[in-house]
Amino acid sequence: MPSPSPFDALALIGPTASGKTACALALAEALPVEIISIDSALVFRDMDIGTAKPSETERAQCPHHLIDIIDPTASYSAAAFREDALRLIGEIRARGHLPVLVGGTMLYLKALHDGLSELPQADPELRAEIDRAAREQGWPALHAELARLDPDAAARLKPNDAQRIQRALEIVRLSGKPLAENYARRDPTGDAPKMKILALEPAERGVLHERIAQRFDAMLRAGLVDEVRGLRERYRLSPELPAMRCVGYRQAWEHIDGGYGVAELRERGIFATRQLAKRQLTWQRKFAGEWSELQTFDCLRPDLVDVIRAAAQTV
């Protein structure tokens with residue numbers, strides 16, 4: 001690894017099923033790396049199949065961090081990720097290793113790169129009140145309330161986007177100000193690490209969609225539904241928890257409750273995963289227009305691993 005390096009860490013990002021894990025493990029064969037997960041689902045214990053969590057064999061190839069750190073009943077924020085990632089980058093560098101941040105939770109990466117907005121802290125009582133109202137009235141009614149309080153924020157959200165409507169209402173009610181004004185207030189004390197960012201993007205979206213379908217089918221064969229049943233027996237869960245809002249888990253929960261059969265579970269799960277990939281690519285392209293240290297690579301090219309290895313040598 002060249003020294004001195006202009007970078008503190010390497011980040012490898014991309015949509016789901018783009019090959020991030022394979023590239024990261026290939027780097028571990030060539031460099032003394034430690035992987036920091038940038039994935040809001042991998043933080044949860046006992047959620048292995050639906051998150052495509054690295055296997056024990058894969059995790060034995062090099063140290064992995066921010067995987068299996070909380071129970072599915074808990075929550076983990078972008079602020080918590082930023083704090084943990086900054087600490088880990090320093091510790092890994094002190095060991096003489098290269099921190100490689102890998103994942104597709106783009107909000108986490110943005111928080112690490114750009115710092116955080118000074119948003120109100122989560123209020124459990126208010127959040128529970130919003131959830132109760134949603135159960136009684138439905139999320140479209142809560143979306144209508146948000147439209148009265150903050151029309152611009154509501155216009156960017158779908159009427160059934162439960163997680164974002166909940167947080168938007170929470171912020172607006174606590175602050176008395178629209179979301180745009182809240183997000184404009186940045187934390188000036190954040191010291192972002194210098195990262196070289198390698199972004200994977202498919203030249204042909206259809207091929208990525210095929211990969212997503214194959215991956216979801218593999219999850220179903222591996223026992224995704226039984227995994228969710230086991231989680232419901234082991235923990236006190238509800239469909240409103242962040243863990244059960246993860247793609248695949250939400251659809252399996254609804255299937256278990258008799259909402260639809262296996263065929264529709266598959267259809268809904270694949271569709272939701274494709275939508276997730278679309279959002280990830282939208283974030284990624286926005287980053288590419290703003291961050292000069294980001295390089296984009298076609299994740300479908302046959303020599304991808306070699307190209308990523310070569311790009312990492314300069315970190």
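User: Let's start with aspartate 114: buried, partly exposed or exposed?
Analyst: Aspartate 114 is partly exposed, with a relative accessible area of 29%. Buried means under 20%, exposed over 50% and partly exposed in between, using a 1.4 Å probe and protein chains only. Keep in mind that this is a predicted model, where local features need pLDDT of at least 70 and side-chain atom pairs count only at pLDDT 80 or more, while totals for chains, interfaces and linings use all residues. Residues are numbered from 1 along each chain as its sequence is written, and side-chain values use heavy atoms, with hydrogens and water left out.

User: Which side chain does aspartate 114 meet in a salt bridge?
Analyst: Lysine 110, at 2.9 Å from N to O. A salt bridge here is a side-chain nitrogen of Lys or Arg within 4 Å of a carboxyl oxygen of Asp or Glu. Both residues sit in helix α4, 4 residues apart, about one turn of the helix. Helices (H or I, at least four residues) and strands (E, at least two) are DSSP runs, numbered from the N terminus. Lysine 110 is buried, at 17% relative accessible area. Elsewhere, salt bridges with shared partners join Asp48, Lys53, Arg59 and Asp68 into one network.

User: How many salt bridges are there in the whole structure?
Analyst: The search finds 23. One of them pairs glutamate 34 with arginine 95, with the closest N and O atoms 2.8 Å apart. That pair links distant parts of the chain: glutamate 34 is in strand β2 and arginine 95 in the loop between α3 and β4, 61 residues apart. Glutamate 34 is buried, at 3% relative accessible area, whereas arginine 95 is partly exposed at 42%.

User: OK, α3 then. Which strands does α3 lie across?
Analyst: Helix α3 (residues 78-94) lies across β1 (9-13), β2 (33-38), β3 and β4 (98-103), running at about 150° to β4. That angle is between N-to-C directions on a scale from 0 to 180 degrees, with axes as lines fitted to C-alpha atoms, for helices over the stretch in contact. Contact means heavy atoms within 4.5 Å. The buried residues of α3, including Phe81, Leu88 and Ile92, pack against those strands and α4 (106-114).

User: Which salt bridge does arginine 87 make?
Analyst: The side chain of arginine 87 meets that of aspartate 84, at 3.5 Å from N to O. They are 3 residues apart in α3, so about one helical turn separates them. Arginine 87 is partly exposed at 41%, but aspartate 84 is buried at 17%.

User: Switching to the sheet. What's the strand order?
Analyst: The 6 strands form an open sheet in the order β3-β2-β4-β1-β5-β6, with parallel pairing. Two strands pair if DSSP finds at least two bridges between them. At the edges are β3 (64-65) and β6 (294-298), each pairing on one side only. Strand β5 (residues 195-201) pairs with β6 over 5 bridges, and isoleucine 197 has leucine 294 of β6 as its bridge partner.
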